[in-house]
Amino acid sequence: SQEPTGGCTSGVFMEYNFRTMEDPSGEAILARKYDGDSYKPCSTLPEKFQQSCYFEQVQWWETVFAGDYKKMGELCDTLDNTLNKDACFHGVGNYAAPFSGHNAQKTGLLCEKMPTTEGKALCIEGASWIFLGMNRMEDARKLCHTLKDISQQECVQKLEANPINKKN
């Protein structure tokens, strides 16, 4: 992928975190063990792979921290690199949608748990893209409209400029 998240790099980190290929039947999902370092392996990788890693780290955190979205938001917020932090908050939104059963209102409530206004906006953006990909533009817009002022405008603009929207 030409994008910093998605494509093969995301697949590598999903497999690292959940070891789905270890079970030939495909039935077991074997999450890697938590050793006390919430940022591993992302913090040790070459910079060009870190955004993808932090984006996918969220799915593992969801398992490790039993769906504690407040905790996940705090973990994203401590990242120093802005691109990594943004990717992390986008990842929170990306995984909040399925965690909530693809319910836009519940997804928005999970994003409300982010520690900053910016984190919430990025979470909502990430979640809105999931709904867009499901041909649920109305739900995607509703999520964006939970934001205030410029954040709301930016979310809607990004939603409408998203290549997935152009395909629908």
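**Legends to the close-up views**

**View A. A disulfide joins Cys144 to Cys155, with an S to S distance of 2.1 Å.** This view, like those that follow, is taken from a predicted model. The torsion about the S-S bond of Cys144 and Cys155 is about -60 degrees, so this disulfide is left-handed. The pair links distant parts of the chain, since Cys144 belongs to helix 7 (residues 137-144) and Cys155 to helix 8 (residues 149-161), 11 residues apart. Residues count as buried when their relative accessible area is under 20%. Cys144 has 0% relative accessibility and therefore counts as buried. Cys155, with a relative accessible area of 1%, is likewise buried.

**View B. Cys111 and Cys123 form a disulfide in which the sulfur atoms are 2.0 Å apart.** The link of Cys111 and Cys123 is left-handed, with -70 degrees about the S-S bond. Cys111 lies in helix 5 (residues 104-111) and Cys123 in helix 6 (residues 117-133), so the pair ties together parts that are 12 residues apart in sequence. The relative accessibility of Cys111 is 0%, and this residue is therefore classed as buried. Cys123 also counts as buried, at 0% relative accessibility.

**View C. Cys42 and Cys53 are joined by a disulfide, S to S 2.0 Å.** With a torsion of about -80 degrees about the S-S bond, the disulfide of Cys42 and Cys53 is left-handed. Cys42 is found in the loop between helix 1 and helix 2, whereas Cys53 is part of helix 2, so the bond ties together parts that are 11 residues apart in sequence. Both Cys42 and Cys53 are buried. The count for the structure comes to 4 disulfides. When the bonded cysteines of the protein chain are numbered in sequence order, the pairing reads 1-2, 3-4, 5-6, 7-8.

**View D. Tyr34 and Phe65 form one of the 5 aromatic pairs in the structure.** Their ring centres are 5.5 Å apart and their planes stand at 75 degrees, so the pair is edge-to-face. The reasoning rests on a cut-off: planes over 60 degrees apart count as edge-to-face. Tyr34 lies in the loop between helix 1 (7-18) and helix 2 (47-64), and Phe65 in the loop between helix 2 and helix 3 (69-77), so the pair ties together parts that are 31 residues apart in sequence. Tyr34 is partly exposed, with a relative accessible area of 38%, whereas Phe65 is buried, at 17%.

**View E. Tyr39 and Trp61 form an edge-to-face aromatic pair.** The distance is 6.0 Å centre to centre, with 90 degrees between the planes of Tyr39 and Trp61. Tyr39 lies in the loop between helix 1 and helix 2, and Trp61 in helix 2, so the pair ties together parts that are 22 residues apart in sequence. Trp61 counts as buried, at 0% relative accessibility.

**View F. Tyr34, Trp60 and Phe65 form one aromatic cluster.** Arg32 lies over the face of Trp60, at 3.6 Å from the ring centre. The charged end of Lys71 sits over the ring of Phe65, 5.1 Å from the centre of that ring.

**View G. The protein chain, shown for orientation, contains 9 helices and 0 strands.** Along the sequence, the chain follows the pattern α-α-α-α-α-α-α-α-α. The chain has 168 residues, and buried residues make up 42% of them. Among the contacts with a separation of 6 or more, residues 24 or more positions apart account for 56%. The chain exposes about 9,000 Å², and carbon and sulfur atoms supply 52% of this area.

Conventions:
Residues are numbered from 1 along each chain as its sequence is written. This is a predicted model: local features need pLDDT of at least 70, side-chain atom pairs count only at pLDDT 80 or more; totals for chains, interfaces and linings use all residues. Side-chain values use heavy atoms; hydrogens and water are left out. Helices (H or I, at least four residues) and strands (E, at least two) are DSSP runs, numbered from the N terminus. Buried means under 20% relative accessible area, exposed over 50%, partly exposed in between (1.4 Å probe, protein chains only). Contact means heavy atoms within 4.5 Å. Accessible areas come from the Shrake-Rupley method with a 1.4 Å probe; for residues, only the protein chains shown count as cover. Rings of Phe, Tyr and Trp (its six-membered ring) pair if their centres lie within 6.5 Å; planes under 30 degrees apart count as stacked, over 60 as edge-to-face and the rest as tilted. A charge sits over a ring if NZ of Lys or CZ of Arg is within 6 Å of the ring centre and within 35 degrees of the ring normal. A disulfide is a pair of cysteine sulfur atoms within 2.5 Å.
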